[in-house]
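Please keep the sequence and the structure at hand while reading.

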Amino acid sequence: MHEETSAQETPTEMTHDLRQIASPHFAFTKRQLGIGLLLVGILGFIGIFALDFVRGTSDGQFGPAQTAALVGMAGVALIGLTLIPLGDHPA
């Protein structure tokens, strides 16, 4: 009976340890996915603003493609924020 319980808990425990990422039982948790999406959204948002400095545009305005990309990155970050509180359940 004890062996069955530990065998059932093993896949759940593996989702908490990133060193086990190569394991066939590994699954990203909703919290890990949320943190990843939040970081991608924030870095993408900052990168779009940095693009104007790199290009050195004189008008200082965003075009429609940059505006859409900013909205998209903000959306990705917000989706990430909503996943973080859902905890350590597999995504």
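Helices here are DSSP runs of H or I with at least four residues, strands are runs of E with at least two, and both are numbered from the N terminus. Counted this way, the protein has three helices and zero strands. The model is a predicted one.

**Overall make-up**

- Read from the N terminus, the order of elements is α-α-α.
- The protein has 91 residues, and 19% of them are buried.
- Taking contacts between residues at least 6 apart in sequence, 66% link residues that are at least 24 apart.

**Packing of α2 and α3**

- Two packed helices are described by the angle between their axes and by the distance between the axes.
- Helix α2 covers residues 30–55 and helix α3 covers residues 64–83.
- The angle at which α2 and α3 pack is about 160 degrees, and their axes lie 7 Å apart.
- Angles over 145 degrees count as roughly antiparallel, and α2 and α3 are therefore roughly antiparallel to each other.
- The crossing of α2 and α3 is left-handed.
- The residues in the contact of α2 with α3 comprise 18 nonpolar, five polar and four charged ones.

**Glycines of α2**

- Gly 41 lies in helix α2.
- Is Gly 41 buried or exposed? Its relative accessibility is 1%, so Gly 41 counts as buried, the cut-off for buried being under 20%.
- Leaving out residues up to four places away in sequence, Gly 41 touches Met 73, Val 76 and Ala 77.
- Between Gly 41 and Gly 72 the C-alpha distance is 8.1 Å, with 31 residues separating them in sequence.
- Gly 47 also has its place in helix α2.
- Gly 47 has a relative accessible area of 37% and is therefore partly exposed, since that class lies between the limits of 20% and 50%.
- From Gly 47 to Met 73 the C-alpha atoms are 10.0 Å apart, and the two residues are 26 apart along the chain.

**Gln 66 in α3**

- Gln 66 belongs to helix α3.
- With a relative accessible area of 11%, Gln 66 is buried.
- Which residues does Gln 66 touch, not counting those up to four places away in sequence? They are Ile 48, Leu 51, Asp 52, Arg 55 and Gln 61.

**Pro 85 after α3**

- Pro 85 sits in the segment after α3.
- The relative accessible area of Pro 85 is 64%, so this residue is exposed, the cut-off for exposed being over 50%.
- Pro 85 and Lys 30 are 55 residues apart along the chain, and their C-alpha atoms are separated by 8.3 Å.

How values were computed:
Residues numbered from 1 in each chain as written. Predicted model: local features only at pLDDT ≥ 70, side-chain atom pairs only at ≥ 80, totals over all residues. Heavy atoms only, no water. Axes fitted to C-alpha atoms, helices over the stretch in contact; angles between N-to-C directions. Parallel < 35°, antiparallel > 145°, perpendicular 65-115°, else oblique. Left-handed = near helix turned anticlockwise from the far one by under 90°. Nonpolar A, V, L, I, M, F, W, Y, C, P; charged D, E, K, R; others polar. Buried < 20%, exposed > 50% of the residue type's maximum accessible area, 1.4 Å probe, protein only. Contact = heavy atoms within 4.5 Å.
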